[in-house]
Amino acid sequence: MVKTAWVTDSTAYLDDQIKNHPDLYIIPLTILLDGEEFADGVDLSAAQLYARLKELKSPPKTSQPAVGVFQELYEKLSKDYDQVVAVLISGKLSGTVSSSEQAAKLVDIPVTTFDSNILTAPMSALLKKGMELVEAGQSIESVIDQLETLKSTNETYVLIGSLEQLHRSGRMSGLQFFLGSMLNVKPIISIEEGALNTKEKVRSDKKAKEKILDYLKSSYEKNKFKEVYILYGLHRENANEWKEEIEKIYPELNVICCPLGAVIGVHAGENTLGISWHNGLK
């Protein structure tokens, strides 16, 4: 049987099932705070990031892993594995996919780089599904085809905790920020084909959550997917409230609360709250 190494990046949400998987390797993204570099999840946690943000002199930044970091890992893996599959954050949100693809050309071991079009928990769900299919004996070509289909069924809706942070990090235009902050508009951000999109604009958090629950209800009635991910910045209690509300309506759904991590926190803020699911994961 072909021995497969799995690689993902530090924006992934690693639950107990895959955290200690013997064939899984994590590449950290980099966070820059006032000229100081931190490896995401290695020497900077989300809680530490949010504490630091309050005293920064310049806007925080994030950067993709260097090509050489991927190359070094792939060369190391070539000694023990027959192939590598990298499941990574959306190529439209980070250059991580590009770094992996460039590194793959520099090593002898076959590397398949899969652009998840998403991040955090829904990306991890794709990773877990890929592992499951490979362990069942399916070819990597078949597995990637199935993951491509599955990722196209994702729906993700986010209430950004800080429009100012999103603006300062370069993910929102000055005009969008001005309109959102001055008019007290609460944008519902969706991730579509791997990119951020303003799905709808409402006047309050309450109305935004009602809208998102309507999206969930509509999709669940059609697709009967098996799990939902509640994504949060720093405040788990906000995620728990939403989890309890959804579980009352859909007791058969597996609702999982997942922290977004430091890299996403740089852009979104500690009060961010989102929800995501794969309509095709049943």
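The structure holds zero disulfides, a disulfide being a pair of cysteine sulfur atoms within 2.5 Å. This is a predicted model, in which local features need pLDDT of at least 70, side-chain atom pairs count only at pLDDT 80 or more, and totals for chains, interfaces and linings use all residues. Residues are numbered from 1 along each chain as its sequence is written, and side-chain values use heavy atoms, with hydrogens and water left out.

**Cysteines**
- The cysteine sulfur closest to that of C257 is in C258, 7.0 Å away, which is too far for a bond.
- C257 is buried at a relative accessible area of 6% (buried means under 20%, exposed over 50%, partly exposed in between, with a 1.4 Å probe and protein chains only).
- C258 is also buried, at 1% relative accessibility.

**Nonpolar cores**
- A nonpolar core is a set of buried Ala, Val, Leu, Ile, Met, Phe, Trp, Tyr and Cys residues joined through side-chain atoms within 4.5 Å.
- The largest such core has 48 residues, and W6, I31, L33, L49, V87, L127 and Y229 have the most contacts inside it.
- Its largest share, eight residues, comes from α5 (helices are DSSP runs of H or I, at least four residues, and strands are runs of E, at least two, numbered from the N terminus).
- Another core, of 24 residues, lies apart from it and includes Y157, L213, V228 and I246.

**T96**
- T96 is found in helix α4, residues 96-104, and is buried with a relative accessible area of 0%.
- Not counting residues up to four places away in sequence, T96 touches D9, L29, Q64, P65, F70, L88 and I89 (contact means heavy atoms within 4.5 Å).
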